[in-house]
Amino acid sequence: RARVGEASGDAGTIDQAIGLLQQLVALRETPERHSLLGSAYKRQAMLRAHVPATGDERQALLAALGEYERAEALCRAAGAQDLHYPSLNIAAVQLRLAMKDGKAAQVADRIEQVRAALQAQTMAAPDFWSVCGLVELSLLEALAQGRLAAAQAGIRNGFADLAQRVPAPHLWKSVHDQTRFLLQPLDTGTAQDKAAQAILKQLAALAGERKKPAP
């Protein structure tokens, strides 16, 4: 299936989307619905980081984490092939929480699990999301290890290679949104931030968007 898209909008729109998705989840739980809810909470966290008066960022991040963990559990129970999607998002949210606290992210084991799942799917039934997921995972890993500046060339090459085969802007918009979520907390002016801006500029172009501040 296609990856669940990122939620977008202002605080009121996001809150309304969260309320509607909670109603859907209450009616019937599915990995997609929990992932959509996790996506909405991620967008809420980005907004709250940018405009603190709109609410507590940590609360939104923890809510997103809970939704992706539930989606992952449902995928495991069903033996779903796209288990990597909620698993990758769990690692992303855990990393952002660690960055917020100024702590080292303990995501190495999860990264290896996600890599194994992505590689297996890429071998069995490759699609845009499994191939792109491996590049995104490299970005996440480099960010967790504090070596994004050194890894940026390989990451950008990975995105560029995939874009030659699949240039569809609507797919790249989701990748751009996810990467903005990951890279938003970086301190400006650092080597990591400069690498992040180069990657975001590339993804914005692939998504057919102008570079814009988060959220």
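Predicted model: local features only at pLDDT ≥ 70, side-chain atom pairs only at ≥ 80, totals over all residues.
When residues up to four places away in sequence are not counted, Cys75 touches Pro31, Ala80, Asp82, Leu83 and Pro86. Ala63 is twelve residues from Cys75 along the chain, and the C-alpha atoms of the two are separated by 19 Å.

The next stop is helix α6, residues 128-144, where Val131 is found. Leaving aside neighbours within four places in sequence, Val131 is in contact with Thr122, Leu162 and Arg165. Val131 and Val166 stand 35 residues apart in sequence, while their C-alpha atoms are 11 Å apart in space.

Two packed helices are described by the angle between their axes and the distance between those axes. Helix α7 (residues 148-165) and helix α8 (residues 169-183) pack at an angle of about 170°, with their axes 13 Å apart. Angles over 145 degrees count as roughly antiparallel, and α7 and α8 are therefore roughly antiparallel to each other. On the α7 side the contact is made by Leu148, Phe159, Leu162 and Ala163, and on the α8 side by Trp172, Val175 and Leu183. By class, this contact has seven nonpolar residues, with no polar and no charged ones.

Helix α7 also packs with helix α9 (residues 191-206), here at an angle of about 10° and with the axes 9 Å apart. These two helices are therefore roughly parallel to each other. The residues that make the contact include Leu148, Ile155 and Phe159 of α7, together with Ala195, Ile199 and Leu203 of α9. The residues of this contact divide into 13 nonpolar, three polar and one charged.

Some of these names return in the largest nonpolar core, which has 57 residues, and of these Leu140, Leu148, Ile155, Phe159, Trp172 and Leu183 touch the most other members. Leaving aside neighbours within four places in sequence, Leu140 is in contact with Leu88, Ala91, Ala92, Leu95, Val107, Ile111 and Leu182.

Technical notes
Residues numbered from 1 in each chain as written. Heavy atoms only, no water. Axes fitted to C-alpha atoms, helices over the stretch in contact; angles between N-to-C directions. Helix = DSSP H or I, 4+ residues; strand = E, 2+ residues; numbered from the N terminus. Parallel < 35°, antiparallel > 145°, perpendicular 65-115°, else oblique. Contact = heavy atoms within 4.5 Å. Nonpolar A, V, L, I, M, F, W, Y, C, P; charged D, E, K, R; others polar. Core = buried A, V, L, I, M, F, W, Y, C linked by side-chain atoms within 4.5 Å. Buried < 20%, exposed > 50% of the residue type's maximum accessible area, 1.4 Å probe, protein only.
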